[in-house]
Amino acid sequence: HGNTDNYALGREHLERFAGNGSGTVLPASFVNGRDIIALGLAPGPRFKGLLEAVHDAQLQGTVRNRDEALALLRRLASEE
């Protein structure tokens, strides 16, 4: 029927299908796990949430460069 209103795609699905030739490609995140480790945090389950939050802010345009992404990452890490 072509109506996809009832389908909810998670972030991982959107990223996987972004390169399927539709012309939509998500940009690489400004930060990664090494940046979190540099803040003194041990690798663990919260890494994913921190990285997704910063990447989401990047995709929304509230974070425009690596310096802003690192500042947000520091703030989010200190709030938890």
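This is a predicted model: local features need pLDDT of at least 70, side-chain atom pairs count only at pLDDT 80 or more; totals for chains, interfaces and linings use all residues.
Quick housekeeping: local features need pLDDT of at least 70 and side-chain atom pairs count only at 80 or more, while totals for chains, interfaces and linings use all residues. Residues are numbered from 1 along each chain as its sequence is written, and side-chain values use heavy atoms, with hydrogens and water left out.

Okay, helices first. α3 (residues 46-60) and α4 (residues 66-79) pack at about 140°, axes 10 Å apart. The crossing of α3 past α4 is right-handed.

Who touches whom, counting heavy atoms within 4.5 Å? From α3 we have Arg 46, Leu 50, Ala 53, Val 54 and Ala 57, and they meet Ala 69, Leu 72, Leu 73, Leu 76 and Ala 77 of α4. By class, that contact holds 9 nonpolar residues, no polar ones and 1 charged.

Now salt bridges, meaning a Lys or Arg side-chain nitrogen within 4 Å of an Asp or Glu carboxyl oxygen. The count is 3.

Arg 66 pairs with Asp 35 at 2.6 Å between the closest N and O atoms. Arg 66 sits in α4 and Asp 35 in α2 (residues 33-38), so this pair ties together parts 31 residues apart in sequence. Asp 35 is buried at 12% relative accessibility, with buried being under 20%, exposed over 50% and partly exposed in between (1.4 Å probe, protein chains only). Arg 66 is partly exposed at 37%.

Lastly, Glu 79 and Arg 75 meet at 3.3 Å, N to O, both in α4 and about one turn apart.

Methods. Axes are lines fitted to C-alpha atoms, for helices over the stretch in contact, and angles run from 0 to 180 degrees between N-to-C directions. Helices (H or I, at least four residues) and strands (E, at least two) are DSSP runs, numbered from the N terminus. A crossing is left-handed if the near helix is turned anticlockwise from the far one by less than a right angle, and right-handed if clockwise. Contact means heavy atoms within 4.5 Å. Ala, Val, Leu, Ile, Met, Phe, Trp, Tyr, Cys and Pro count as nonpolar, Asp, Glu, Lys and Arg as charged, and the others, Gly among them, as polar.
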